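Please consider the model shown here.

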Amino acid sequence: MKQLIFRTATGFLLPLLLLFSVFILLRGHYLPGGGFVGGLIAAIAFVLHAFAFTLKETRKLIKINYRLLIPIGLALAFFSAILPMFKGLPILTGLWVYEPLPVVDMVGSSLLFDTGVYLVVVGVTLTIIFTISESA
Amino acid sequence: MLLAVLSGFIIATITPLAGKLFRSKWSVGLTAVPLALFIYFLSFIPAVSNGQVLLFNYEWVPSMGINFNFLLDGLSLLFALMITGIGALVYLYTSSYMKDDPGLDKFYGYLSLFMSAMLGMVMSDNLFTLFIFWELTSISSFFLIGFDNENKESRKAALISMALTGLGGFFLLAGFAIVANITGTYTISEMMGSGDIFKDHPLYIVIIICFFLAAFTKSAQFPFHFWLPGAMKAPTPVSTYLHSATMVKAGIYLLARFTPLLGDHIYWNNTLMIVGGITMVYAAFHSILKKDLKEILAYSTISALGMLVFLLGLGHAEAFIAMAVFIVVHALYKATLFLITGILDHETGTRDINRLSGLRKVMMPLAIAGFLAVLSNSGIPPSFGFVGKDLIYSATLHSETLAIFITVAAVVTNIFLLYSSFLAGIKPFAGKLPSEYKDVHMPDWRMWVPPLICGIAGIVFGIFPMLAEGSIIRPAVSAIAPEVPEFHLQLWHGFNTVLGLSAITIIVGILLYVIFKPNDRHNAWMNKFESFSPKSIAAGVNKLFMKFAVTWTNLLQNGYLRIYVLTVISFLTILLAYKAFTVSSLDINLTKISALTSAEVAVMVILIVSVLYAVYSPSRLAAIAAMGVIGYCICLVFIFYSAPDLAMTQFTIDTLTVILFLLVMYRLPKYVLYTNKLIRIRDAIISLIFGTLITLLALEVHHEPTNKETTRFYAENSYALAKGKNIVNVILVDFRGMDTMIEIIVLSISALGVFALLKLQLNEFDREI
């Protein structure tokens, strides 16, 4: 798939899709969306890029090792889960900052948790797809 | 108290971090821990000997009734002193015995873990913590037996002991669950007040079977005894500490602790008497046929444990006194003999009884320790063992049933035990010193002082039995028996039947020692019966089990993906069909279903066309594309019925699935028909039935009045409690956050699995393993 149109389009689509995925993640608490879908969309963006160019190019683009996203995401989710315990509340209690922000509205520990989910999903999907396509 | 019990766990966590320090000569400093604990527990003697029962309560999981409730009465104090006292000697001994071992820090870690677990077990007043500590002793024992983990034999021995004691542990848990259910409490001391509710309870037999299996596996009773000789693969300090003096007595402790609750019943007493009796005679007989010092001691330990169980089974106060005394006697002399064996092995490099002799000339203090231990072991006055044996004989003579028969059994056992103690404690030191051992020298003081202390203690208690009597024996017995008659431990009872029996034991035993020498012929003779032994039977059962597992796995995991799918679908079909046609009558009401819109009809047509295309397409890629279309159509259906979250996720997932399929299938060779027509028809029929059933089920579910309570709860509370308006997301990240947490862990594991499967290149060496 070395078509020029596809490549050019991907160049625009990748950042757009990534932004969209973050948008989906952030609005999740109030409107359809969330970390899981967001993560999948981000993964699709990278897979698209890999199709248009090559896997090597995509790796170069991501820069960090995408497999690292899995432990980072897990740690983030776990951290947000135990955060309330420092305040003497049961595990996974939602903590909130009472200052609404645009798009996100109110920020709470559940957003942190969802971000963890997002990272894990991106990491897992990319790991599986890239590993398979490399060895196929 | 909590700190005292858990101190070993703390050390076990520190040792790997400060490994270097504990491998150096400073390792001897660790001895301070059990020594301090020993002194600490000694300080409770005045209170406990006054009949006090001390309770220490620390909350752990109070909402589930699991707490660190520690109870210190005579019985637990007796065990605690033994654990810490012998522990201190073993720690000291180890620092010299294993000083060149690179894993010394690990060894101390396991040893401390064990000590704490054992202390926790004998002190626990809560069923759950008792169980946890009980299992921890099995686990630490596993690590210690398999300490030499490069040796296949010791790995195997560790596994066998773990399997057997673990099996007992399961039964213990079951027994505890039933007991807790009946009494409604997890606290043992509270149960004690509940009286005789067990003995007439229909589940009584089940309870005692559970307890017996737990105690008999742990305390190596026939026919579960065979793990103990195997466990002698462990380094000598471990054999001394775990497999003779303390851990194997955990089963005895359990039985003694629950005697007031479950005992004094014909099933209880007779089972214990029979099993204990068989064990003590059987193992004592085996002990005289062995040549390896450690094996001799292992079998004589099993025999002694049998004796303890047997005494518990006798079930009267005198037997309990004998048992309490014998626990101390046995711990002291067996620790001495094991420690000596370790030194002999260390210095001469052999444990073969026929090769060791005359070592007194080079190791006098050790010979003295051995001699003292033998005195106590064979029950020769003025040792504590003599006091103990007299008590045993008088207990058997005063038994209500079969007094003569069981007395004979006890005498025979003691004769054999005397013989084996002579082999272990006197034989290596008597006679001429072979020239090859001329250069053998005394080991470091840290090795010979501990057995000497134990040996001397056995004599001191014998000459002054009142030292032990009021302080520890009487409180221990009163914890087991409801009423303890006035008694005094004495060395001299005057001329009576008991003294006569003692004399017979000693004379016959010494005669046997003079006449009978263990040799290979006896061993060969015993080996003829090997195929009937419990060990071989267990090995056979194990083999059968493995065979079954292999057959079963090959049947289900045959490696063909299509067969997997077929199996799963067929099973589900049968299950659904059974449910649908027998349990609930199918009741489908089509009137409630809303009318189709034109958009839905269009989607439906696309769906059907793409399904047919996927089935009939000759090209793999086209079929995958068709599957993708099906997925997108389902997304549309979700959107029609206002589930945007679901649709979004389904959409992305479908995209990725198609990509994945493409990646894998793209490289496959050209599409070939592997199946014949018959198989295809079979598959079609199964799919049709399955599809029909699912459709019926969906219609049936639609007809059922739905319970809106859950939906309402989330609808009402998702904004109030979790400040979110998107209920699906709120459920995911808040209400059921723990589920999501676990789900992402599962995802990560699957990614790891894919990565490992495809990327991990095993080299030749790894493949062989």
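Predicted model: local features only at pLDDT ≥ 70, side-chain atom pairs only at ≥ 80, totals over all residues.

Residues are numbered from 1 along each chain as its sequence is written, chains are lettered from A and ligands numbered from 1 in the order in which they are written, and side-chain values use heavy atoms, with hydrogens and water left out.

Chain B holds 33 helices and two strands; helices (H or I, at least four residues) and strands (E, at least two) are DSSP runs, numbered from the N terminus. Along the principal axes, its C-alpha atoms fill a box of roughly 110 × 60 × 50 Å. Of the 769 residues in chain B, 50% are buried, where buried means under 20% relative accessible area, exposed over 50%, and partly exposed in between (1.4 Å probe, protein chains only). Among the contacts in chain B with a separation of 6 or more, 77% join residues 24 or more positions apart, a contact being heavy atoms within 4.5 Å.

In general, an α-helix has 3.6 residues a turn, so residues three or four places apart point the same way.

Leaving aside residues up to four places away in sequence, Thr94(B) touches Lys99(B), Leu104(B), Phe107(B), Tyr108(B), Leu111(B) and Pro237(B). The C-alpha atom of Thr94(B) is separated by 8.7 Å from that of Thr236(B), 142 residues apart along the chain.

Over all chains the structure holds nine salt bridges, each a side-chain nitrogen of Lys or Arg within 4 Å of a carboxyl oxygen of Asp or Glu. One of them joins Asp292(B) to Arg351(B) at 3.1 Å, N to O. This pair links distant parts of the chain, 59 residues apart: Asp292(B) is in the loop between α14 (266–287) and α15 (293–314), and Arg351(B) in the loop between α16 (317–348) and α17 (364–378) of chain B. Asp292(B) is partly exposed at 21% relative accessibility, as is Arg351(B) at 24%. Arg351(B) also meets Asp345(B) in a salt bridge (3.1 Å, N to O), and Asp292(B), Asp345(B) and Arg351(B) are linked in a network.

What lies between chain A and chain B? The two chains bury about 3600 Å² between them, 78% of it on carbon and sulfur atoms; buried area is the accessible area (1.4 Å probe) that two parts lose on being put together, summed over both. The contact takes 44 residues from chain A and 37 residues from chain B, with zero salt bridges between the chains. On the side of chain A that touches chain B, the elements giving two or more residues are α2 (35–52), α4 (69–86), β1 (96–101) and α5 (109–135) of chain A. The largest share, 16 residues, comes from α5(A).
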